[in-house]
Amino acid sequence: MDAVGSPEDQELQQLGNGAWDNLAYSGPPSPHGTPRICTISSALSPQPQPRKPEDGPQEKTHRTLMSSCCLKLCHSIRGLWGTTLTENTAENRELYVKTTLRELLVYIVFLVDICLLTYGMTSSSAYYYTKVMSELFLHTPSDTGVSFQAISSMADFWDFAQGPLLDSLYWTKWYNNQSLGHGSHSFIYYENLLLGVPRLRQLRVRNDSCVVHEDFREDILSCYDVYSPDKEDQFPFGPLNGTAWTYHSQDELGGSSHWGRLTSYSGGGYYLDLPGSRQTAAEALQDLQKELWLDRGTRVVFIDFSVYNANINLFCVLRLVVEFPATGGAIPSWQIRTVKLIRYISNWDFFIAGCEGLFCIFIFYYVVEEILELHLHRLHYLTSIWNVLDLVVILLSIMAVGFHIFRTLEVNHLMEKLLEQPNTYADFEFLAFWHTQYNNMNAVNLFFAWIKIFKYISFNKTMTQLSSTLARCAKDILGFAIMFFIVFFAYAQLGYLLFGTQVENFSTFVKCIFTQFRIILGDFDYNAINNANRILGPVYFVTYVFFVFFILLNMFLAIINDTYSEVKEELAGQKDELQLSDLLKQGYNKTLLRLRLRKEQVSDVQKVLRGGEKEIQFEDFTNTLRDLGHTEHEITELTAAFTRFDQDGNCILDEKEQEQMQQDLEEKRVALNAEIENLGQPIVCSFPGKSDTESARAGGWVSDEELYKLTKRVLQLETALEGIVSQMDTVVSKLRMLERNSELVPFLEGGSGEPDDAAAFESSMFLRKKTFGNTCSQLQL
């Protein structure tokens, strides 16, 4: 490895022979094959300066350690937000893999945290809680055999309301008729407290909301259209003696709209809060029935109430809905939301609170990261789907944090109001609705967070097959999708018009679309289609299955299969680049080698202590380490142990101090041996009947011993280079500071004949860095 004739050496000779001295180039090898790095002399002429008292070895060691720690800390902070988009990884495959791996590890911690948060807000008891409430209020029949799900008329509604509903709401006695001992409070199934009182609410439409044809006006005197907000009846009716007969707007009730089976309904209407006891509630319902509270104008009735189970800390908010369409009859539906509104009670809740704090830290970290990447790449940053996905995950996470704060404040407000007025309606419907949306948002956010893992594993050839296949066949799939949906929507409209009046799955156009997707997957009801139209039904089914399933679907699969084959063939022919497995192997071998080098350093220090001298001076200690082939940077690290055991600070180790140091080194040596054994031995290719070196040379391999020596030299050179680069950076920064303060002007005008010495010295520093970098690259090769 001779570099005498290189351009770098020629420029160094022009700067001066004393500016650079590297025995790895011009001299014989150091002991143990270790390159020695000599001190760098300044290219500037020395100026008489008042000499400061030299620092002792302890001060020098302390200063070196402090500067090294500060450099490492600054480097860590600078690289905290280092990503593949902020670092220059285009021409450095190893840096790209390392940066991606670091991003992946940080993101895995974030993913684990968000999983704990999402699953920590749910409970396995929620399903059973919902199941118990639904069986009680939906399936319990009345004396006439009518349950809520079986309601088909207004008469059935009154039978249910005065029977199973009241029986299910008011539990004040045990099964042996003994009182529960909780006063007037109702505990459903003896465990679930009824919060406040239930509420009945109805919405009506006006009599003039539709027009009767003139041929039927003599027979039909009134007309009530389907419900819509502009046709809603807001006038009082009936006896006019309470809230049940007077309209109240959505703002007055503090309600919210509801999306029913037929249409969407507002949060206002005519309402009645049932009294606290079963008897008075039954009397109130009898009065409503007697005064004809439900009539032809009624379009929907809501029954709202909430219960709380302290055993599992869950709220169950129930809404029973009966819609009365303009066609007549009744359509029951329901919403049962089991939510966890009160937080931070058990130890698990406090653990989740800690995860929430960590989640906020992660959000701050990723917000700063996205700001830096947007600042560097501007609008070009949004051209990548992964970057857009990053922004979506962050925005959903920020919305989740905001809603969590809102929910906590709102629950506290509702509970205070309920405790002050226990006989009022507890409106948890609005909060339960938004909590359900919050859970849905967290579910979508968690889904995107899992998908985002593909962003960090795309450097692997196997992992890029999916993204490369989809990216390459995107245009073909888009063109095919246009053709597919033309045929698909044509069949959807055909099915809606042919079977929409008789088959529920074809009753709306949206249902037709989902029904046809189900037919592709093999889930269909052919008898219903055949009964609806015995001629066109079979024709529709056979042609749809033939064109969509056998032709179009197989064309879609063929496009993806052909593209995947092309991508796989190209990836197989590509040159193997640095993979994650290669990086892990390099890290493993490097760690093992560093442990061995550290073990040799400990052994050399032990040799110095075993010299038999009663006292060891600091200079003798460092000179002996130099004779053993250690670099200045390694000596600085080893002398830190000397100063640590030099308790009296006289730069001399006596017998007691030597014994303590010897004992500490022996413990370190044993620990290093254990770590080396745990890591294991590297795999060496050997040939039978030959030594390692001979067999390696015979097979064109480098022996384990030679590889160990070369790698040791590279690591020692890298270690020395770190200290020298740090010193050169310090010198250059001091020179620039002196130039700013105009303190170099007298020196440059002193007649030395070298006015550009500062620039020459800085150029020398650059060339030394460059030469060292080339040396490390060549040694590694």
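User: How many residues does the chain have, and what percentage of them count as buried?

Analyst: Of 781 residues, 39% count as buried. This is a predicted model. The chain's accessible surface is about 45000 Å², and carbon and sulfur atoms account for 58% of that area.

User: How should I read a nonpolar core, and which residues have the most contacts inside the largest one?

Analyst: The general idea is that in soluble globular proteins, nonpolar side chains tend to be buried together. Here the largest nonpolar core contains 47 residues, and Phe137, Phe157, Leu274, Trp293 and Leu320 have the most contacts inside it.

User: Which elements each supply at least two residues of this core?

Analyst: On the helix side they are H5 (125-138), H6 and H8; on the strand side, S2 (192-204), S5 (270-273), S6 (298-309) and S7 (314-323). H6 gives the largest share, seven residues.

User: What does Leu320 touch?

Analyst: Leaving aside residues up to four places away in sequence, Leu320 touches Phe137, Leu138, Phe148, Phe160, Leu165, Val301, Phe302, Ile303, Phe305, Ser333 and Trp334. Another core, of 23 residues, lies apart from the largest one; Ile513, Ile529, Tyr540 and Tyr544 are among its members.

User: How do I read the packing of H6 and H8, and at what angle do they pack?

Analyst: An angle over 145 degrees counts as roughly antiparallel. Helix H6 (residues 154-169) and helix H8 (residues 278-290) pack at about 170°, their axes 10 Å apart, so the two are roughly antiparallel to each other.

User: Which residues make that contact?

Analyst: H6 contributes Trp158, Ala161, Gln162, Gly163, Leu166 and Asp167, while H8 contributes Arg278, Ala281, Ala282, Leu285, Gln286, Leu288 and Gln289. Sorted by class, the contact of H6 with H8 has seven nonpolar, four polar and two charged residues.

User: What is the phi of Leu292, and where is this residue placed?

Analyst: Leu292 is not a glycine, yet has a positive phi of about 60°. Leu292 sits in the loop between H8 and S6. Exposed means over 50% relative accessible area; Leu292, at 55%, is therefore exposed.

User: Where does Tyr344 lie?

Analyst: Tyr344 is in the loop between strand S8 (331-339) and helix H9 (347-377). Tyr344, also a residue other than glycine, has a positive phi near 60°. With a relative accessibility of 30%, Tyr344 counts as partly exposed.

Terms used. Residues numbered from 1 in each chain as written. Predicted model: local features only at pLDDT ≥ 70, side-chain atom pairs only at ≥ 80, totals over all residues. Heavy atoms only, no water. Axes fitted to C-alpha atoms, helices over the stretch in contact; angles between N-to-C directions. Helix = DSSP H or I, 4+ residues; strand = E, 2+ residues; numbered from the N terminus. Parallel < 35°, antiparallel > 145°, perpendicular 65-115°, else oblique. Contact = heavy atoms within 4.5 Å. Nonpolar A, V, L, I, M, F, W, Y, C, P; charged D, E, K, R; others polar. Core = buried A, V, L, I, M, F, W, Y, C linked by side-chain atoms within 4.5 Å. Buried < 20%, exposed > 50% of the residue type's maximum accessible area, 1.4 Å probe, protein only. Areas by Shrake-Rupley, 256 points an atom, 1.4 Å probe, with all protein chains shown as cover.
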